[in-house]
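Have a look at the model first, then read the points in order.

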Amino acid sequence: AATILYGKDIAQDIRAELANEVEELKKQGVVPGLTVILVGDDPASHSYVRGKERGCQEVGIRSEVIRKDASISEAELLDMIHQLNGNPNVHGILVQLPLPPHISEKAVIEAIAPEKDVDGFHPLNVGNMMIGYDTLLPCTPHGIVELIKRTGTPIAGRHAVVIGRSNIVGKPVSFLLQQENATVTMCHSRTVDLAAHTRQADILVVAAGKPHLIGREHVKPGAVVIDVGVNRIETGKLVGDVKFDEVREVAGFLTPVPGGVGPMTITMLLKNTVAAARKQTAR
Ligand code: NAD
C-alpha cells in the first residue's frame with residue numbers, strides 16, 4: 001500500500017525554515033510584505049485567501065488583504081496595482097483569480113511588476129521558468145516538485161506523466177519536471193487511451209479537475225501519484241481526481257485531498273514572498 005504524502009506535514013517543515021529566514025531578515029530591518037487583492041465574493045476564493053493570510057502569520061510575513069466589490073472597474077484595479085508596484089514595503093502582490101468577466105486577467109497579470117509577481121504568472125516569469133532561469137516560480141507546480149523530491153524518489157531519468165495542460169498547473173509542472181531531467185508526457189482532454197499513457201508513469205501528476213478520473217487501472221505499481229484536483233461533490237465533500245482508496249493499494253506514494261498539494265501551494269507563495277523581499281532589499 002502507498003505511503004500517504006501529507007503535504008500538510010511537509011509544508012509545516014518548510015514553514016518552520018521560512019520563519020527562521022524571516023526572523024533573520026527582520027534583524028536586518030526587512031519585514032517581508034505581501035498584499036493580496038480579492039475581488040468579489042466567490043466563497044472558494046475567500047477561503048484560499050484566508051489560508052494565505054494564516055500562512056503569512058505563521059512565518060512572520062506582514063500581510064494585507066484588500067477586499068473589493070465585484071463592481072470595481074478594471075482601471076481602478078490596475079491603478080491599485082501600480083500603486084503597490086511603487087510601494088517599497090510591499091514585496092509581493094497577488095490578485096486572487098478568477099476575476100469578474102469585465103476585468104481582463106491578462107491585463108491584471110501583466111500590470112504586476114515581475115519582481116513582485118509571487119504567483120509566478122507574469123509572462124516574463126513564465127518565460128524565465130521555461131528557459132530555466134532563476135525566477136519566481138508558480139506556486140502549485142513548485143509545491144508539487146518539492147513534494148516529489150521529499151519522497152526521496154529520484155526524478156532524473158524517470159517517466160513523468162502529467163494530466164492537464166493549463167497555464168497554472170499542467171504546463172508549468174511539465175517544464176519544472178523536465179528541468180529536473182524527467183522524461184515528460186503531457187495528457188489532456190483530447191488524449192486517446194489515457195490509461196495506456198498513465199500506466200507508463202513512474203511519477204503521475206493529475207490536474208484535470210475531474211473527480212474519480214484515475215483508478216487502479218491507470219497506475220503502475222509503486223508510482224508516485226500526485227493528485228492536484230480539488231472538486232466539491234454533491235455531498236459537499238472535497239475530493240481529488242484520483243480514486244484514493246483504490247489507488248493507494250497500487251501506488252508507492254499518494255497525496256490526499258485535502259491536505260496534499262494545497263498546503264504546499266500556499267507554502268511556496270510564502271517562499272516566493274521571502275525571496276522577493278530578499279531580492280528587492282539586497283544592496
Ligand atoms: P483547468 O480546467 O484549467 O485544466 C484542466 C486540464 O485537464 C485541461 O488541460 C484539460 O485538457 C485536462 N482534462 C480535463 N478532462 C480531462 C480528461 N477527462 N482526461 C484528460 N485530461 C483532461 O484546471 P486547472 O486550473 O489546471 O486545475 C486542475 C485541478 O487542480 C482543479 O481541480 C483545480 O481546482 C485544482 N487546483 C488545485 C490547486 C491546489 O493548490 N491544490 C491549485 C490549482 C488548481
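Predicted model: local features only at pLDDT ≥ 70, side-chain atom pairs only at ≥ 80, totals over all residues.

1. Start at strand 1, which pairs with strand 11 (residues 253-254) in the parallel sense, over two bridges.

2. As background, strands of a sheet pair through backbone hydrogen bonds, either parallel or antiparallel.

3. Now move over to strand 4 (residues 92-95), where you'll find I93. Strand 4 runs parallel to strand 2 (residues 33-39), and four bridges join the two. Across from I93 stands T35.

4. Which way do the residues of strand 4 point? G92 and L94 point one way, I93 and V95 the other, and all are buried.

5. Why call I93 buried? Because 25 other C-beta atoms lie within 10 Å of I93, and the cut-off for buried is 20 or more. Leaving out residues up to four places away in sequence, I93 touches T35, I81, L84, I112 and K116. Of these contacts, I81 sits twelve residues from I93 in sequence, with the C-alpha atoms 7.9 Å apart in space.

6. Next, the inside. The largest nonpolar core has 78 residues, and those with the most contacts inside it are I203, L204, V205, V206, V225 and I226. Helix 10 gives the most to this core, with ten residues. The core lies between domain 1 (28-113) and domain 2 (139-261), because both give residues to it. In soluble globular proteins, nonpolar side chains tend to be buried together.

7. Residues up to four places away in sequence aside, V205 touches I144, A160, V162, I163, V173, I226 and V228.

8. Finally, the ligand. It is surrounded by 25 residues, and the closest are G164, S166, H188, G209 and T265. What is the make-up of this shell, by nonpolar, polar and charged residues? Eleven are nonpolar, twelve polar and two charged. Helix 10 (residues 261-281) turns up here again: the largest share of the shell, three residues, comes from this helix.

Methods
Residues numbered from 1 in each chain as written. Near = placed C-beta within 6 Å. Nonpolar A, V, L, I, M, F, W, Y, C, P; charged D, E, K, R; others polar. Buried ≥ 20, exposed ≤ 12 C-beta atoms within 10 Å, placed from the backbone. Contact = placed C-beta atoms within 7 Å. Core = buried A, V, L, I, M, F, W, Y, C linked by C-beta atoms within 7 Å. Domains from an automatic or database assignment. Pairing = 2+ DSSP bridges.
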